[in-house]
Amino acid sequence: MPIINSVTGPIDSSQLGLTLTHEHLRVRTVEVATQFPHLYDQSKELQLAKEQVRAAGNAGIRTICDPTVMGQDRDIAFIREVSECTGVTIIAATGMYTCQNLPEPLRNKSIDYIAELFIRDIEVGIQNTDIKAGFIKCATDVQGVTPDVEKIIRAAARAHMRTGVPIMTHTHAASRNGLDQLDLLEDEGVSARAVIIGHSGDTCDMDYLSRLLNRQAYLGIDRFGLSVGMINEERPAMLLKLIQNGYHKQLLISQDYCGTIDWWEREEVQSFAPDWSMTHITSDVLPYLSSQGVGQDILAEIMADNVRDWFEHAMK
Ligand SMILES: [Zn+2]
């Protein structure tokens with residue numbers, strides 16, 4: 001059984017249980033937060049993150065993967081405090097959320113230099129703590145695979161090849177760039193079975209999704225509650241179609257919820273995404289799938305077995 005790094009220490013993959021694979025405790029914009037800290041209320045942010053994670057825990061969720069990394073102001077002490085306070089296991093990420101350019105200090109560094117940053121997070125600890133990263137995040141968006149994005153993806157691949165830690169991506173599904181990510185990752189020797197192509201639920205393009213699935217990648221259908229790429233009401237039906245097509249062993253579902261995010265005012269979020277929360281899946285999506293005849297065994301695979309398989313495939 002592979003040992004996975006959670007923010008409260010190593011766990012065995014059999015301990016994952018029901019897992020949300022893509023939720024953020026907090027997303028902040030570091031330039032704004034460090035220069036204008038009066039705009040932020042850390043104790044309120046902590047309280048809201050704890051409330052959401054505790055509610056997920058009460059709904060049966062045992063583990064949350066939080067892919068907040070550089071570009072989203074990852075704060076590992078914040079994440080650990082929420083995990084310790086709620087009793088929900090949280091697995092933190094290393095990697096970079098950069099869709100265009102690397103920041104200046106890294107622009108002229110090599111792929112291996114960037115890979116070493118990720119490996120340090122995995123083997124030594126994040127932000128000068130002993131809290132280790134459990135997976136690697138990289139991103140491609142509407143800009144496509146820019147030269148810097150390619151460097152980050154190849155660095156993620158090299159860090160995976162050294163450590164066995166799996167990879168989760170951010171994509172712009174309408175641009176079909178999960179395929180470009182797989183091309184680069186496979187070129188570096190990564191098995192697609194170690195990769196979740198994130199935000200794959202933002203499109204109804206079954207040709208694109210079938211190509212990813214037939215290459216054995218996992219799909220992150222991970223924005224339930226949000227109308228990004230498609231309206232939220234369409235997501236459950238699209239997930240049902242993938243299950244009915246026999247792909248349930250490669251699907252991971254989540255909400256991409258942010259306990260707080262400084263891109264919008266809280267009231268704005270509540271108006272454009274009223275159902276968005278860390279319990280939308282357990283409260284609404286799973287009951288919908290049951291009502292459509294999806295058996296409990298398949299739901300258990302999607303919520304628990306697949307994430308374990310992702311870690312185990314990657315780490316063997
Ligand atoms: Zn996200």
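Donors here are N, O and S atoms within 2.8 Å of the metal (3.2 Å for Na, K and Ca); water is not among the atoms, so sites may look incomplete. This is a predicted model, where local features need pLDDT of at least 70, side-chain atom pairs count only at pLDDT 80 or more, and totals for chains, interfaces and linings use all residues. Residues are numbered from 1 along each chain as its sequence is written, and side-chain values use heavy atoms, with hydrogens and water left out.

**Stop 1: the zinc ion.** Select the zinc ion, and you will find His22 (NE2), His24 (NE2) and Asp256 (OD) coordinating it at 2.1 to 2.2 Å. Along the sequence, these donor residues follow the spacing H-x1-H-x231-D. His22 sits in the loop between strand E3 (19–20) and helix H1 (30–35), and Asp256 in the loop between strand E10 (251–253) and helix H10 (266–272), so the pair ties together parts 234 residues apart in sequence. Helices (H or I, at least four residues) and strands (E, at least two) are DSSP runs, numbered from the N terminus. His22 and Asp256 are both buried, meaning under 20% relative accessible area, while exposed means over 50% and partly exposed lies in between (1.4 Å probe, protein chains only).

**Stop 2: helix H1.** Now pick Val32, which is in helix H1 and is partly exposed, at 31% relative accessible area.
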